[in-house]
Each structure stands twice: as structure tokens, then as C-alpha cells.
Amino acid sequence: MHKVRTRFAPSPTGYLHIGGLRTALFSYLWAKKNQGEFLIRIEDTDQERLVPGADKQLIETLNQLGIKSNEEIKHQSNRLKLYQKATDKLIDHHFAYRCFCSPERLDQVRQEQQKNKQVPKYDRHCLDLSPEETDQKIKAGEKFVVRFKIPTNEIITAEDKVYGKISVHSKNLDDFVILKSNKFPTYHLASVVDDHDMRITHVIRGEEWMPSLPKHILLYNALDYAQPIFVHLPLLLNPDKSKLSKRQGDVAVEDYLNKGYIIEALINYVALLGWNPGNDKEFFLVDDLIKEFSLDKINKAGAVFDIKKLNWFNAEYIKKIIQQSDKRFNQLVDSAEKFLGKNAHQAKKVLLLFGSRIDSLSQLAQNSEFLFKLPDYPKEMLVFKKSDLTKTTEGLNLALGVLGKIHHSEWSQDKINTTIEDIMSKRKLNPGDIFWPLRVACSGLEKSPSPIELLEFLGKDEALLRIKQAINKLK
RNA sequence: GGCCCCAUCGUCUAACGGUUAGGACGCCAGGUUCUCAUCCUGGCAAUCGGAGUUCGAUUCUCCGUGGGGUCACCA
């Protein structure tokens, strides 16, 4: 067996689709697992749908996720000669023929067939054109496409690594176009020629390609190419089980990145869609995936993309990273800065405070707003349900007194905590008489991180100011 | 509609033909004597239906049903 070579071949018509990410990831993992090579190829053969710059965008996003091509990235639009050559070969060997039918005529034929409840299929109007007729039409400048000639009575069998054998009778196949009138190839021709030329060993792609697999088999045979191993991946689905699409949520990987989903979570979650390690393990960094990935454990049934589980993975990874204090943590702080619009010092503190309370980094700004600007709140909020006005006022005044004595340089969670605990037990107060009102004083909220954390974050001056404001409210 | 594919909790999934059908997300309840989150404990919840093969089918075969994909000079 030759060295494993896989590829991801998107068409540059938009951003990277989450399903595309899964396909790219599986291809990448399989190549890396086998010490092989992973390549990226841009399938820009459709002049109409091509979006300028989309190729760069696609590659950049893949790069961000760590999925990089081992070789120079090829664009199909630069390889027209290759497809032309293959086409000539097919025509010479009578596997293909020129078709001069106008789009209008084809439309008409199709409509007619549909009216008669027939399967829409090219009627082979140009199949038996003589060489002379053909030459004449070419000389006259008539436009033509090249069609592949489907054998008449044959059962075409293909082998897929995950779905097994699939076979189709040739009568169900249409004489599909391989070269358009503008001399650009269609997907079928281009992908077969390129995969062969690039020595791809495993063609890994979405299940939506399965219906055209027999066509590709025919092409491989006609061109006398050895077949690669085909690996069709089960579809990613919307909650209603239809193919994952816009409309029912975000499908662009970029959207998720912009919302503060982190790379590890995205990759981990997507890897588990249609694949499993065969045991209960579910946390996988890319290196773990490379070790454990296997084609045999790929599922057949489509998988619903569940944002709730992605959220969970994201929250888990955020918590994990915060517990570390390495390079990755600093990267996370960098991202947090962007979402918060604050400096690194503040971003780090906010992250520590809310790391266990968020699904994604984008929630940071909203959750931490009160730290930078105290919201107005009703004075009743200061009184805990098991406390009363007198005790609350006492608690706040005591806190103000003892906290005021802490030196700026000693303003830490430990110091604040022992100080408060100390005065609380001395005066026989309950936590609800002092901790609760302190939190409300600091946050203006009923739900928040602990008052100790908040006091420390705010700093002595701002903390005392907010406590004074609370006391004034109660007067 | 033709062709192709698929089918275990709501979702992602595990289970050499023999298990009380397991795990995870979500959800619900309880605990960690200030709230929330984290964390811990527990709970609810599935083999699409019918035949057949077999001592025994989630597992193998067939039929049905359901769902999906695809039928372009798009990929």
C-alpha cells in the first residue's frame, strides 16, 4: 500500500461549513494517523458561483483550527489542460461524445419527460453524430459539452469503506456532462482526474456524493485509473433531520469562532459526530484523535448537530484551560480581551471570575458588565430572606469598618475572607446578614459570584464606595 | 416519482447472537449551612413494526413503515 494521502476539496462559494469541517477533520486525522499526507484542493470550476476571496477565507479558517495542507494548495481553474487531456482520451476511446444541444432544448426535453412522469435524462440526441457532422459543427463555431457515455446494460458496483457494497443498474444513469461548453470540467471529471493526479489514496467526503459514486467508478475504469478507497461520511443533520443547513442555526465555522467557541471544543464535538472511539472516552484533543481515529468506527446514520452538547464541551474546555496557567491560558485571555474590550489584566480577572459560568466567551461581556458599572437596584434586594433590615445594616457597617482597615497592599481574597468571617462570628451574625448584602452591594444582582471574589476584583476603593452606597440606600 | 442510503433514550452513541440494553448531553430531584455557577449523588428516558433463521435476536435475512440524500453545462 502506498503512503496514505487524503484531501479536502471545498468549492470556494462561501465560508467553511461545519459539515465541511468534519469532513476535513476526518481526512486530516486519517492521513496523520498513518503518517501520511493531507492536502487541500480548491474546486473552483464553477465560474458563476465562485466567490472571490472565499478560497483564502476557507484556508485561513482551516489554518486557525490547525488543519493544514502538507503541500501547495492547488486550484482546479489552473489545471484546465489536465481535464482537457482526459476528455480527449475519453472521446478517442469512445467513452465520451460531444453534445451540441442547446440548454433550451435540454430544458424542453426535461419538461416533456417530467410531464410524462419519466425520469429526466438526456435523450442521447447527439450520441450518434458522425465524425463529419461533428467536425462541421465545431468549425461552424457551435458550442458543445462533452458527455460520458453510460454503458447500456450493466450493473455498476462500488465499494465504500463505511457503507459497503452499493450497486446500480446503468439504465438508471444519465449521460452526464464531464466538460462544459466553456471548457471547464464538471465536478465528476475534475475530482477523478485530480484525485488520480494527486495520488489520493482515500477519498473522504459527505454522503451526499454517494449517488454519483457509480459515475466516478465508470470514469476511473474508462480512464484506466486505479480506484482509491471511498469513504462516505454520514450527513450532519438539523434537529428536524434534514441536511444541516443555514436557516436552522449557524453553519459557518467562522460564526462559532466569532461567538467565542474555542477550537478544542469545536474539534472534539465535531469528531464525535459520526465517529466514536469504541469506549466511553469523550474528551479528545487533536493528538488523541490522531491516535485513536479509525475508519471502522464511522457510523452510517446521519447525526443531528446538537448545539447543547457543543455548549457543554465548550464550557468544559474553558474550565479546563482556566485551571492551567500555561500558554493556552494566555491565548484564552487574549480572546477574552477581544470579547470584553478590556485590557489583559482585567480580561484575566474576569475570566477567572466567570469561567465556570459561561458556555462561550461571548457571554463574558454581558455577565461582567456590573463590575464596571454598578446597576441600580432596589434597596429591598440587600436584605436576605432570612435576615432583616437591622441586621443587614449592621452587617454592612461592620464590613465597611473592618475592610477599611485592610491596607491596599493586603487586599486579597484570603485577607478579605478571614476579616469578614472574623467579624461575623464575633458579632454572632449569619452569612445571610453580611455576605448576602455585600454581594448585592457589589453587584446589584441577586445572582453573582461570591462577594469575596467581587470585593477583591473591585479593589478596595470601589468596593468601599459600593458598600457605602448600599448603606445609604438602607437609611 | 426513479435511484441510493439509513433506523438503540429527545440528542450523540456503546453492546463476539446470551447484559437488569451501558455512557454522555439535556431535563428533573437532592447535597455542598449567602445567591448563581462549578462540584457530588440520585432519577426519568430507547432497541420502528411484522415474519423468518436460532435453544436464544438490538445484533443475521426478508417484507413493511418511517426518515434522509440525489436526480443541472452546482459542487
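These are my notebook entries on a predicted model, working from the whole chain down to one residue.

**Overall form**

I began with the secondary structure of chain A and found 19 helices and 12 strands. Next I looked up the radius of gyration, which is 32 Å for chain A, whereas the globule rule gives 23 Å for 475 residues; the chain is therefore more spread out than a compact globule. The C-alpha trace of chain A spans about 110 × 50 × 35 Å along its principal axes.

I also checked burial: 34% of the 475 residues in chain A are buried. Then I turned to contacts in chain A between residues at least 6 apart in sequence, and 76% of these join residues at least 24 apart.

**Domains**

Domain 1 comes in two stretches, 5-72 and 236-304. Domain 2 covers 77-231, domain 3 covers 307-372 and domain 4 covers 379-474.

I then looked at how domain 1 meets domain 2. Their centres, taken over C-alpha atoms, are 28 Å apart. The contact draws on 18 residues from domain 1 and 20 residues from domain 2. On the domain 1 side, the elements giving two or more residues are strand 1 (5-8), helix 1 (18-33) and strand 2 (37-42). Which of them gives the most? I noted helix 1, with five residues. The residues on this side of domain 1 split into six nonpolar, six polar and six charged.

**Helix 13**

My next stop was helix 13, residues 344-354, where I found Ala-347, Val-350, Leu-351, Leu-353 and Phe-354 buried. These residues cover an arc of only 165° around the axis, so they sit on the same side of helix 13. What do they pack against? I listed helix 11 (307-323), helix 12 (327-340), helix 14 (363-372) and helix 18 (451-458). On the face of helix 13 turned away from the buried side, I found the exposed residues Ala-344 and His-345.

**Val-177**

I finished with Val-177, which lies in strand 8 (residues 177-179).

Conventions
Residues are numbered from 1 along each chain as its sequence is written. Chains are lettered from A and ligands numbered from 1 in the order in which they are written. This is a predicted model: local features need pLDDT of at least 70, side-chain atom pairs count only at pLDDT 80 or more; totals for chains, interfaces and linings use all residues. Helices (H or I, at least four residues) and strands (E, at least two) are DSSP runs, numbered from the N terminus. The radius of gyration is taken over C-alpha atoms; the globule rule is 2.2 Å times the number of residues to the power 0.38. A residue is buried if 20 or more other C-beta atoms lie within 10 Å of its own, exposed if 12 or fewer, and partly exposed in between; C-beta atoms are placed from the backbone. Two residues are in contact if their C-beta atoms, placed from the backbone, lie within 7 Å. Domain bounds come from an automatic or database domain assignment. Ala, Val, Leu, Ile, Met, Phe, Trp, Tyr, Cys and Pro count as nonpolar, Asp, Glu, Lys and Arg as charged, and the others, Gly among them, as polar. The arc is that of the directions from the helix axis to the C-beta atoms.
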